[in-house]
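Take a look at the fold, and then we can walk through its packing together.

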Amino acid sequence: MKVLFVTTSFPLPPHAGAKVALLETLRSIEELCELHLLLPRTEENSEDDVAVLRQLFPHTRIHFYRPRSVQPATLEKYAAAARSAFSRHSYHASIWMDQKLREAAATLSSQYQFDIVHCEWLYPAIALQGMNLPLVVRTLDLHFVIMKDGVEELPDEKKLRKTLWRMEAERFRRFEVSVLNKALLTVALSSEDEEVLRQEGVSRLVMIPPPMSVPEQALSAPDKKKGCTALFLCMLHAMVNRESSFIFTDEIWPQVSEDVRAQVEVVFAGGRPDEGARRRAAECGIRIEAPLSDEQARKLYAEADIFLSPIKTGTGIKTKTLEAMANGKPIIGFRNSFRGVPVENGKHALIADSNEEFARLFEKLVADPVLRNRLGEAARDFIRENFNPKTLGARLMSAYSTAAQLTQGDAQVI
């Protein structure tokens, strides 16, 4: 089977959850098909990064395209907003069309005649609409859900803005569902996302979480100093992660006892945190390390005794949760931190239902190294059993086969 895997992010360095999921998925299917990878390349992607990518996937044919600017020009944005107001179509849908990606995919498809074109995320699916390609879309997030949640967080006094955003969320909901229904198959990453999409009428749908490799040995720092280190590693500039860091600094950390605070070092790492995020962390004595190299990320994981995940919102699956558990780190999180990761509270991880409970569980882990070791080992076993790359890679290939049969009209709706 010939598969064109289309992504809109360069996966190195792999410090974002979506990039980790991308790399793990590519590893799981590379030897199961004739795999082609189409991804963007800009001035930020060095020759060393490209060389590493080719080393990681020696059996994959890698193709690059030059993406359009992430942010369209001001005049284009105003024009799109005006068209949306009169046409009642989604503003975001109109500005997410990447003609260069469309042209690159068309050239490759005419040359190789792919059996499946995998769209990683909604963005490439928008660009490839109407091209008569055998599209499979993997939903990393449900954007209309995120938009709706964002509307509710706006202050009540901003009535006009809330009204406009509510309208845009509804327009994008219709658009997002229509894009998914035009694909041969949609792959949801979590059972929660699957349930939402089925309620919205997405019929050709399957749930397959991203695989996660488990290192042969849990990461540890042989020369680590005494004391306890708690790590929150993510793309700190991303909205959900930025808000989560504020939940910890403003609402959880003040409830942690002074004795425990004196025993633990908290580290926020990754991404491009702004000055406000850096200042609030510094006021709490929290160290920020960003941006990160691969070596720095590995070192931080090795030194960490606890992984923090104060995430209350968002869709998809929490890949950083998977990565921390695979590395044998005991993790504390809110329920949404384990979206798509059906752990048993107290056995594989600690789940808090309030900021106060998060603080109490944090104190408990800091004080109990035996509990940390037990949770970390159980977490590794959980990932090994439920997110095995060999198993999930085969499931994704099976889904591709089902989708390819739909082009011939001889497969049943999933």
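Helix axes here are lines fitted to C-alpha atoms over the stretch in contact, and their angles run from 0 to 180 degrees between N-to-C directions. With that in hand, please keep in mind that this is a predicted model. The protein chain holds 17 helices and 13 strands.

**A helix pair**
- Helix H7 (residues 143–153) and helix H8 (residues 159–182) have axes that come within 8 Å and cross at roughly 170°.
- Angles over 145 degrees count as roughly antiparallel, and H7 and H8 are therefore roughly antiparallel to each other.
- On the H7 side the contact includes Phe144, Met147 and Val151, while H8 contributes residues including Trp165, Ala169 and Phe172.
- The contact residues of H7 with H8 split into six nonpolar, one polar and seven charged.

**Nonpolar cores**
- The largest nonpolar core has 98 residues, and those touching the most other members are Leu38, Leu128, Leu231, Leu233, Val341, Phe387 and Tyr400.
- Helix H17 (residues 389–406) supplies the largest share of this core, with seven residues.
- Leaving aside residues up to four places away in sequence, Val341 touches Ile317, Lys318, Thr321, Leu322, Met325, Phe382 and Phe387.
- A second, separate core of 34 residues has Phe268, Ala281, Ala359 and Phe362 among its members.

**The chain as a whole**
- Of the 414 residues in the protein chain, 54% count as buried.
- Among contacts between residues at least 6 apart in sequence, 70% join residues at least 24 apart.
- The accessible surface comes to about 19400 Å², and 50% of that belongs to carbon and sulfur atoms.

Conventions. Residues are numbered from 1 along each chain as its sequence is written. This is a predicted model: local features need pLDDT of at least 70, side-chain atom pairs count only at pLDDT 80 or more; totals for chains, interfaces and linings use all residues. Side-chain values use heavy atoms; hydrogens and water are left out. A nonpolar core is a set of buried Ala, Val, Leu, Ile, Met, Phe, Trp, Tyr and Cys residues joined through side-chain atoms within 4.5 Å. Buried means under 20% relative accessible area, exposed over 50%, partly exposed in between (1.4 Å probe, protein chains only). Helices (H or I, at least four residues) and strands (E, at least two) are DSSP runs, numbered from the N terminus. Contact means heavy atoms within 4.5 Å. Angles under 35 degrees count as roughly parallel, over 145 as roughly antiparallel, 65 to 115 as roughly perpendicular and the rest as oblique. Ala, Val, Leu, Ile, Met, Phe, Trp, Tyr, Cys and Pro count as nonpolar, Asp, Glu, Lys and Arg as charged, and the others, Gly among them, as polar. Accessible areas come from the Shrake-Rupley method with a 1.4 Å probe; for residues, only the protein chains shown count as cover.
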